[in-house]
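Reader: I have a few "how do you know" questions about this model. Can we go through them?

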Amino acid sequence: MNSIQAATRLHLTKKNMTFGVPLQIVGLIAVISALIVLIIWRAGGTPGSEEWIDGARSNGGMVFGLLGFLVYMGVQSIATTFPFALTLGSTRKAFVAGTLVWAAVTSAYLALIYAVLLLVELATDHWFVGIYIFDVYYLGTGNLLILLPTVFLGSLGALTIGALFGASWARFGNRGPIFLGAGLAIVLLGLLALVIPLITGSVLADFRLWWLAAAAVVIIAVSAVMTLQLLRSAVVR
């Protein structure tokens with residue numbers, strides 16, 4: 001347990017990377033969203049109208065704008081920290097477990113930030129001018145019970161997938177991420193080829209959000225296990 005805590009604390013020493021930069025990105029996305037709303041308003045949009053609200057709630061900036069950075073964070077959590085952790089006496093298993101705990105802490109932090117900002121957005125009637133940033137379809141349309149698990153599992157999934165790519169680099173060098181990306185693409189396309197013909201109107205009608213949550217948990221678990229397997233035989237560079 002102490003080794004796991006030590007690995008977690010090692011990641012958390014990068015306080016600006018873990019807590020500062022994501023918050024800055026959230027702020028930047030919010031500013032960009034506000035500027036887009038201003039442009040639409042100047043072009044003749046009517047704030048508060050049904051068309052305005054429907055279009056504004058399709059804003060995916062807070063979902064997709066942060067994902068790339070989270071994947072990068074996951075990659076660097078292995079690529080830059082793994083060799084240092086081993087020199088400090090951490091085992092590979094403890095390091096992966098500590099990395100997963102750090103990713104969970106980071107994801108919980110982001111979920112809390114999103115929840116607080118959503119409450120502010122709702123309390124101010126969407127920032128006083130009809131700007132929809134967190135009260136959007138992708139985040140549950142103002143429902144905290146949907147937003148919290150969505151942000152937490154989405155962030156944790158992005159971080160663990162990034163860690164998996166970092167582990168593939170640690171194990172196989174530059175070829176690792178290329179082969180892993182190609183393999184995942186083939187698997188994904190194969191799954192889509194199998195699933196799409198099975199999707200019918202009745203299946204869509206019976207769709208439940210917990211299916212996505214379950215899929216996210218599986219992806220996180222598989223990514224963590226594969227990361228450990230890759231690092232077991234990785235040579236410290």
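Author: Helices here are DSSP runs of H or I, at least four residues, numbered from the N terminus. Bear in mind that this is a predicted model, where local features need pLDDT of at least 70 and side-chain atom pairs count only at pLDDT 80 or more, while totals for chains, interfaces and linings use all residues. Residues are numbered from 1 along each chain as its sequence is written, and side-chain values use heavy atoms, leaving out hydrogens and water.

Reader: Why is isoleucine 32 called partly exposed?

Author: Buried means under 20% relative accessible area and exposed over 50%, with partly exposed in between (1.4 Å probe, protein chains only). Isoleucine 32 has 42%, so it counts as partly exposed.

Reader: What makes Leu28, Ile32, Ile36 and Ile40 a nonpolar patch?

Author: Patch residues have over 30% relative accessible area and no salt bridge (a Lys or Arg side-chain nitrogen within 4 Å of an Asp or Glu carboxyl oxygen). Nonpolar side chains (Val, Leu, Ile, Met, Phe, Trp, Tyr) are joined within 5 Å, like charges within 9 Å. Together these four have about 360 Å² of accessible area, by the Shrake-Rupley method with a 1.4 Å probe.

Reader: And which residues touch the most other members of the largest nonpolar core?

Author: Met62, Leu66 and Tyr114, out of 36 residues. Such a core joins buried Ala, Val, Leu, Ile, Met, Phe, Trp, Tyr and Cys through side-chain atoms within 4.5 Å. Its largest share, nine residues, comes from α6.

Note on methods:
Helices (H or I, at least four residues) and strands (E, at least two) are DSSP runs, numbered from the N terminus.
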